[in-house]
Amino acid sequence: MATVRAGAASDVGRVRRRNEDSALVADGVFAVADGMGGHAAGDIASALAVEALRRLADRAERTPQDVHDAVARANADILASAVEHPVRTGMGTTLTGIGLVLDGDVERWAVFNVGDSRVYRFAGDVLTQLTVDHTAPESVTRRRGVITRALGTRPSPPADLWVLPPVPGERFVVCSDGLSLELTDDEIAAVLRAEPVAQAAAELLVHRAVLAGGRDNVTAVVVDHLTTAGEDTGSFTRGAHAAPEDEDTDPGVVLTDPLGIHTGH
């Protein structure tokens, strides 16, 4: 099994009154969900999404199909909650992350995504965005677009799913768009290059995104595939401001689609 160390951090930012992001650091499964701003109970939707992935982490062995099914289950859980609590009607969330899976007898990373939260891979001193944003450009002058795919809809939105081989020494960043809205790829890479500890790197990414503007909730999970044996650790910390309550891929990365549901790239 790949030996990983992970850390996570989140902050409400400088504009929002409530943090609607949720993060998961579990046994071999790491995810971020960004509750839909302007929708009812976005924080509840994001929490339900990561809880569905948490149940996946409890399995001794996982397959790419299990990851796909967990994302579909998250959508079903959100819809069921809205039926049970009508005040939550219309709530939605993005969901993205990575998980260690068995593809046959071979261990792989499964990268999954619905919405505009992102997964980056940092290896060989190069930062690569692995996921594709499900957005339509809102205007040529704005950096963010309208989300075209999110959980909390019927029928269940198709999830992008890629499978790639684990490589010791690689790092992943799983983040809400509050991070990518404020920091460029070069700025993200600079933090990963400068800070070798996963938890500290996650905290620094969030801190810099808030300083850069903090126009949205900011959440980051950093996952390190260690080159030497180490203890798996993980923590999720909310920052001091938290409220109560291009599609190119690294040519060195082989992306496969064992389920035939890959809709990106």
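**Notebook: salt bridges**

I began with Asp-224, which is buried, with a relative accessible area of 7%. For my own reference, buried means under 20% relative accessible area, exposed over 50% and partly exposed in between, with a 1.4 Å probe and protein chains only.

A note on the source: this is a predicted model, where local features need pLDDT of at least 70, side-chain atom pairs count only at pLDDT 80 or more, and totals for chains, interfaces and linings use all residues. Residues are numbered from 1 along each chain as its sequence is written, and side-chain values use heavy atoms, with hydrogens and water left out.

Next I looked up the partner of Asp-224. Arg-171 forms a salt bridge with Asp-224 (a side-chain nitrogen of Lys or Arg within 4 Å of a carboxyl oxygen of Asp or Glu), and their closest N and O atoms are 2.5 Å apart. Arg-171 lies in strand 11 (residues 171–175) and Asp-224 in strand 12 (residues 218–225), so the pair ties together parts that are 53 residues apart in sequence. Strands here are DSSP runs of E, at least two residues, and helices are runs of H or I, at least four, numbered from the N terminus. Arg-171 is buried, at 7% relative accessibility.

How many salt bridges are there by this rule? I noted eleven.

Another one of them joins Arg-193 and Asp-125, with the closest N and O atoms 2.6 Å apart. Arg-193 lies in helix 4 (residues 185–194) and Asp-125 in the loop between strand 6 (118–123) and strand 7 (126–129), so this pair ties together parts 68 residues apart in sequence. Arg-193 is partly exposed at 47% relative accessibility, and Asp-125 is partly exposed at 47%.
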